[in-house]
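User: I would like to go through this structure with you. Could we begin with the annotated site and then turn to the ligands?

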Amino acid sequence: MKIALAQINPTIGDFSGNLKKILDFTRRAVDAGADLTVFPELAVCGYLPADFLEKDVFIARASETLAKIAEQTAYTSVLCGAVLPSGVITGKHVRNVAALLTEGRVSFLQQKMLLPFYDVFDEQRYFEPAQQQTIVTLKGQPIAITVCEDAWNDKLYWPRRFYPVDPVGELMKKWPQQSDAPRIILNISASPYWKEKRQVRSEMLAALACRHHAVVAMCNQVGGNDSLLFDGTSIAFDPEGCVIAQAKSFEEDLVLFDTADRSTPCVPVAQDDEVAGAWQALVMGTRDYVRKCGFSKVLVGLSGGIDSALVAAIATEAFGADNVIGIGMPSEFSSSHSVEDARALAQNLGIRFELLAIREIYDQFTKVLHPLFQGTSFGLAEENIQPRIRGTLLMALSNKFGALVLTTGNKSEMAVGYCTLYGDMVGGLAVIGDVAKTSVYELSRYVNREREIIPVATIEKPPSAELRPGQLDTDSLPPYDILDPILEAYVERYESAEQIARTQGVDRSLVEQVLRLVERSEYKRQQAAPVLKVTRKSFGNGRRFPIAVKVQV
Ligand SMILES: Nc1ncnc2c1ncn2[C@@H]1O[C@H](COP(=O)(O)OP(=O)(O)OC[C@H]2O[C@@H]([n+]3cccc(C(=O)O)c3)[C@H](O)[C@@H]2O)[C@@H](O)[C@H]1O
Ligand SMILES: Nc1ncnc2c1ncn2[C@@H]1O[C@H](COP(=O)(O)OP(=O)(O)OP(=O)(O)O)[C@@H](O)[C@H]1O
Ligand SMILES: NC(=O)CC[C@H](N)C(=O)O
């Protein structure tokens, strides 16, 4: 049997657009000789529509779309992720299903059994889990069908946690004894990216193929949906765990393999450069967020610093130089180099660069506030007026010209609250909000791999918010090479202060000071723009903490 993995980028709720994509890919797959074309989990409506799943009209449209796909692909067989009413009265009124479409109708449904509920996943909120798994036969070939998490109950992914049931094991027990056809496990997925995820995923699926002596093929969604970035990287393994087909990462793709063909040379799993991967993920996520929200142009405040430089480089790769505008807004505390460095970056990227003066506005603010502020000394209140003026100007430009403002804060700053609410936190998308400052440097060197795009001066100058004379980030924070490992251990791995101090050889009081900053700035993160997720644990709805707390770190 020839199977095609159709790795598509659906838009959540765009039933007609997703239908068109599914029909186009099916036609292309059949033209290439496919007997069965496989689409990702929830391909009909995109992953995850969240509370839209609670609206009857949404489910009705999803059901109608699935019926249209069946009708219009009657000339072949399709396996497609869909959502359907559950028909069971348990309080969860929908099912996450893999629908097999043959001869113009839904001929078989495999409902998802394991509903992930950790990190960014919240499927138990919506879906009715399957009670059982069934082997289906297509053209005389038995097939085991699973939906994403159903194949993930594996210690390679979860060193400490397992579900009590194993859908794949259950399916294999039901495999027809008399059949000498190859064992086939198909998995339709919406498996989001984080660094190293592709490695974990392919090791896990290869292990599954060997354990059950089966061909294992996974078709993954690609594209960005808000914070979630799907890398695609759909893949098929033979029963020895050799790769027999692999789709591209971060773009739509269609790959075919023959389940019985043992002549295909075993290709090694493509080795992924994680810095390049994160770059591609950020470009794709920025492009998809902005375009799926109906924008085509973006604005970035360019300070001459590295964060805004990296965000502008990502935006230029995503939209082309003509659609990115850099705005310089120096204040009296900006270094003389900041405008030169910002201008040099804009020139290297080929983007438009405009300067707006904030000095007079700042003076007006302080004049108006003077009667109330008099007798107090210059401090945070005055400092923060500057980013707030910049934020107001960027939003005015956004309103006038319909370009989305990109937020430039990195994960380290967001972790400790080193950013001004309603100031430099303005914007629709926190492009590098899951990139620690040390990784910002890594990515910037990657941007400059062939020629200097981000000026060397920008990379080499010590980080500074330039809100008061001679200010440096290190006045308030430990150096980033000490800060970032502490933050990673606390934010991503939930290690304790004692554990961090011991394993990193850092003074316990310094660790506690940093952890207190993290806890104290949760209110800022809950008001921040959505963050593109590129690590195992990012800020956003996969990391939920209350604000009004009194906790000991
Ligand atoms: N629990 C809570 N829930 C809701 N709101 C809460 C709150 N606690 C404080 N607040 C509010 O937040 C205010 C304090 O926050 P905010 O006004 O942002 O100001 P704040 O955090 O005090 O100051 C901003 C810090 O970020 C640094 N910064 C600013 C800009 C850029 C960069 C950079 O390097 O990129 C760094 C700056 O040097 C300074 O250290 C309080 O005055 C209060 O109104
Ligand atoms: N002079 C400026 N002109 C334009 N935008 C600015 C200026 N200063 C700050 N910004 C905007 O505010 C963001 C926060 O900048 P800030 O200088 O406080 O430190 P940062 O977080 O280290 O960022 P960067 O590395 O981009 O300077 C910048 O990324 C930029 O988008
Ligand atoms: N959609 C899903 O079931 C995704 C869960 C899976 N463990 C993943 O991260 O890829």
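**Annotated site and ligand surroundings**

Analyst: UniProt, in an unreviewed entry, places the feature "binding site" at Gly 301, Leu 302, Ser 303, Gly 304, Gly 305, Ile 306, Asp 307, Ser 308 and Thr 408. Although these positions are spread over 108 residues of sequence, they cluster in space, with a largest C-alpha distance of 12.2 Å. UniProt positions are given in the numbering used here, feature names are shortened, and annotations may be inferred rather than shown by experiment.

User: What kind of model is this, and how is everything numbered?

Analyst: This is a predicted model, in which local features need pLDDT of at least 70, side-chain atom pairs count only at pLDDT 80 or more, and totals for chains, interfaces and linings use all residues. Residues are numbered from 1 along each chain as its sequence is written, while chains are lettered from A and ligands numbered from 1 in the order in which they are written.

User: What does the chain average in pLDDT?

Analyst: The chain averages a pLDDT (the predictor's confidence in each residue, from 0 to 100) of 95, and 97% of the residues score at least 70. For the complex, the predictor gives an ipTM of 0.93 and a pTM of 0.96.

User: Back to the site. Where is Ser 303 found?

Analyst: Ser 303 is found in the loop between strand 15 (298-301) and helix 6 (306-319). Helices (H or I, at least four residues) and strands (E, at least two) are DSSP runs, numbered from the N terminus.

User: Is Ser 303 buried or exposed?

Analyst: Ser 303 is buried, because 28 other C-beta atoms lie within 10 Å. A residue is buried if 20 or more other C-beta atoms lie within 10 Å of its own, exposed if 12 or fewer, and partly exposed in between, with C-beta atoms placed from the backbone.

User: And Ile 306, where is its place?

Analyst: Ile 306 is in helix 6, and it is buried, with 25 other C-beta atoms within 10 Å.

User: Which residues are closest to ligand 2?

Analyst: Of the 21 residues that surround ligand 2, the closest are Gly 301, Ser 303, Gly 305, Ser 308 and Thr 408. A residue counts as near a molecule if its C-beta atom, placed from the backbone, lies within 6 Å of it. Helix 6 provides the largest share of this shell, three residues.

User: What surrounds ligand 3?

Analyst: Ligand 3 is surrounded by Glu 41, Pro 116, Phe 121, Cys 148, Glu 149, Trp 152, Ala 190, Ser 191 and Pro 192.
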